Amino acid sequence: MKHQKDTQKNSFDTSLNLAHNALEQIARREGKSIEHVRKHIQLAMMSGLLSEDASVQERWMCIPHAGEVPSPEEVIAYYASKLSSENK
């Protein structure tokens, strides 16, 4: 079981790096800073994070996150990993 958790963590860490790279690519393509891109994603995330719907809140808190709320990279990585595992 520990090996599976380690594998999942490594996979999620890889997904975080890929998510960060994707944000960098978007920023370059749009001629904006990565912080500008992250801020716009965070603003979009706030509508979900501030929802009073308990099921919406539960879904947000299922996303592994280091801080009080998930970062844009953590959200991207989580859903990328989830989609990848569903397609296997």
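Contact is defined here as heavy atoms within 4.5 Å. The structure is a predicted model, in which local features need pLDDT of at least 70 and side-chain atom pairs count only at pLDDT 80 or more, while totals for chains, interfaces and linings use all residues. Residues are numbered from 1 along each chain as its sequence is written, and side-chain values use heavy atoms, with hydrogens and water left out.

Arginine 38 lies in helix α2 (residues 34–49); helices are DSSP runs of H or I of at least four residues, numbered from the N terminus. Its relative accessible area is 15%, so arginine 38 is buried (under 20%; exposed is over 50% and partly exposed in between, with a 1.4 Å probe and protein chains only). Apart from neighbours within four places in sequence, arginine 38 contacts Leu23, Ser71, Pro72 and Glu73.

Three salt bridges were counted, a salt bridge being a side-chain nitrogen of Lys or Arg within 4 Å of a carboxyl oxygen of Asp or Glu. Arginine 38 pairs with glutamate 73 in one of these, with the closest N and O atoms 2.8 Å apart. This pair links distant parts of the chain, since glutamate 73 belongs to helix α4 (residues 72–86) and the partners are 35 residues apart. Glutamate 73 is also buried, at 9% relative accessible area. A salt bridge of 3.9 Å (N to O) joins arginine 38 to glutamate 35, which lies three residues away in helix α2, about one turn. Glutamate 35 is partly exposed, at 43%. Shared partners connect Glu35, Arg38 and Glu73 into one network.

Arginine 29 forms a salt bridge with glutamate 30 at 3.2 Å. Arginine 29 is exposed, at 62%, and glutamate 30 is partly exposed, at 45%.

How values were computed: Helix = DSSP H or I, 4+ residues; strand = E, 2+ residues; numbered from the N terminus.
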